[in-house]
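Student: Could you walk me through this structure and tell me what stands behind each term?
Tutor: Gladly; have a look at it first.

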Amino acid sequence: MDTPDTGTNIISLDSLNTFLSQRDNSENAFYISTIPKMCTEAPCILGIDEAGRGPVLGPMVYGIAFCPIDKNEMLKSFECADSKALTEAKRDEIFSNMCTSTDVIGWAVDIISPNRISNSMLSLKKHSLNEVSKESAIGLIKAVAFAGVVIEHIYVDTLGSQPEKYQAYLLNIFPNYKITVAKKADSLYPIVSAASIFAKVTRDHSLQTWKFSEGFDLNHKDFGSGYPGDPVTKKFLKEYLDPVFGFPQIVRFSWSTASKILESDAYPVEWMETEDENPKSTQSTQITSFFKMDKETKKKHSFFAQMCLTNSTPF
Amino acid sequence: MAIHIQGGKDIAKSSIEENIQSMPFKISADCDAKVSTYFKPLVKVNEDSIYSSSFRGHPLSGKKLAIPDGYMGVVLHETVPPGTDKVDRNFYIVNKFDSFMHWNWDKTPTLNDPIMQALHVWIDVAEALHSS
């Protein structure tokens, strides 16, 4: 997780757009709102949800929202529901309302850039998207705790099909908090709905304000939703493919939609193994081999292999 | 078969190339690459002078390496590739460089990397051999 950006205070959609357009979109970004004073005094509930896990384009955003337990009822007045069940306009409206209620509700988002997602999944260690997601959720909880919020109960939308497993995992890391992991937590708990709105609106606006470091003058209507089934997205991937470098940075190279196009339409690339790929011969040496005048048996000192030195002409 | 390297006289005149990137992969292509558009904007450097970047989503870690004193880096171009391995080959020097970027795939460059060994260790050994 990158260091919190304190340059912009997000209190509206405009300031959200300012924050998003100022950042380097090949890197992750983190934002935490001002902390409501009452959240540092009274026990709070936290909700965590994600937006943009599936699409081949743009960042994945993890959001966290928190408020004192006794303000839970008040949350319903924001009409939060599962962010996907609301229209974009309605989500934007709820986002604006919640942003201006910083006396009660605090929030943070972790924006994981498509470049970082690709780099994690295509690292030698093959860091999965689930691991990236877990780290993000843990980072958000830690940031909120660090900011002085009195954490009582954390509600998290599940990752994968076994919420109880993820819950046990989180409880192991945060033994002092109550933690509930549930399927569809965003429609069950208003605080998770709030988190899902913060995440979803941040993701949508980061696509809307996306500036291509490659210099293309495109807006989100030119690349579509980013879902692999979207014909506009498919067309964009085909049209903006560079045969050497592949795609612009908005694309998650580690998605099969992207890698299939690379395989068929771009120049083949063969990555070099960094590990030594010269397994020692396990065959035992036959005594007769010492009498053969075979060049192959004249083993070179390993020094030459280490130095990448080979003979270019026989002596 | 012999290898001829030509254009040595013009080396002094050619300018120092500062954009040599040694990449940890092979690409089956022979064409220009839009390095400034797709690669340069991603290159970052940390306080330990370790560079990072990305190619086709793969994380890269790099270090700027200097060509040792008394040596020179040259870019060679072969106009006519040989049809067989028996004929002489002609290479022309098209550029020179005194440093280059060495990139690893997801591994911080260290002295154990073969290229670093070649630059640091091999050259010392070669000099010791030839000085006697």
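**Surface, burial and strands**

Tutor: Chain B exposes about 8200 Å², and carbon and sulfur atoms supply 54% of that area. The model is predicted, so local features need pLDDT of at least 70 and side-chain atom pairs pLDDT 80 or more, while totals for chains, interfaces and linings use all residues. Residues are numbered from 1 along each chain as its sequence is written, chains are lettered from A and ligands numbered from 1 in the order written, and side-chain values use heavy atoms, without hydrogens and water.

Student: What share of chain B counts as buried?
Tutor: Buried means under 20% relative accessible area (exposed is over 50%, partly exposed in between; 1.4 Å probe, protein chains only). Of the 132 residues of chain B, 32% count as buried. In chain A, buried residues make up 50% of the 315 residues.

Student: How do you know which residues of chain B are in contact, and what share of the contacts joins residues at least 24 apart?
Tutor: A contact is heavy atoms within 4.5 Å. Among contacts in chain B between residues at least 6 apart in sequence, 62% join residues at least 24 apart. The corresponding value in chain A is 72%.

Student: How many helices and strands does chain B have?
Tutor: Helices (H or I, at least four residues) and strands (E, at least two) are DSSP runs, numbered from the N terminus. By that rule chain B has two helices and nine strands, and chain A has 12 helices and seven strands.

Student: Why are β1 and β7 of chain B said to stand at the edges?
Tutor: Two strands pair if DSSP finds at least two bridges between them. In chain B, three strands form an open, mixed sheet in the order β1-β8-β7. There β1 (3–6) and β7 (73–77) each have a single partner strand, so one side of each is left without a neighbour in the sheet.

Student: What makes β7(B) and β8 of chain B a pair?
Tutor: They are joined over five bridges in the antiparallel sense, with β8 covering residues 89–97. The pairing rule asks for at least two bridges, so these strands of chain B qualify. In β8(B), Lys96(B) is the bridge partner of Val74(B).

Key: Areas by Shrake-Rupley, 256 points an atom, 1.4 Å probe, with all protein chains shown as cover.
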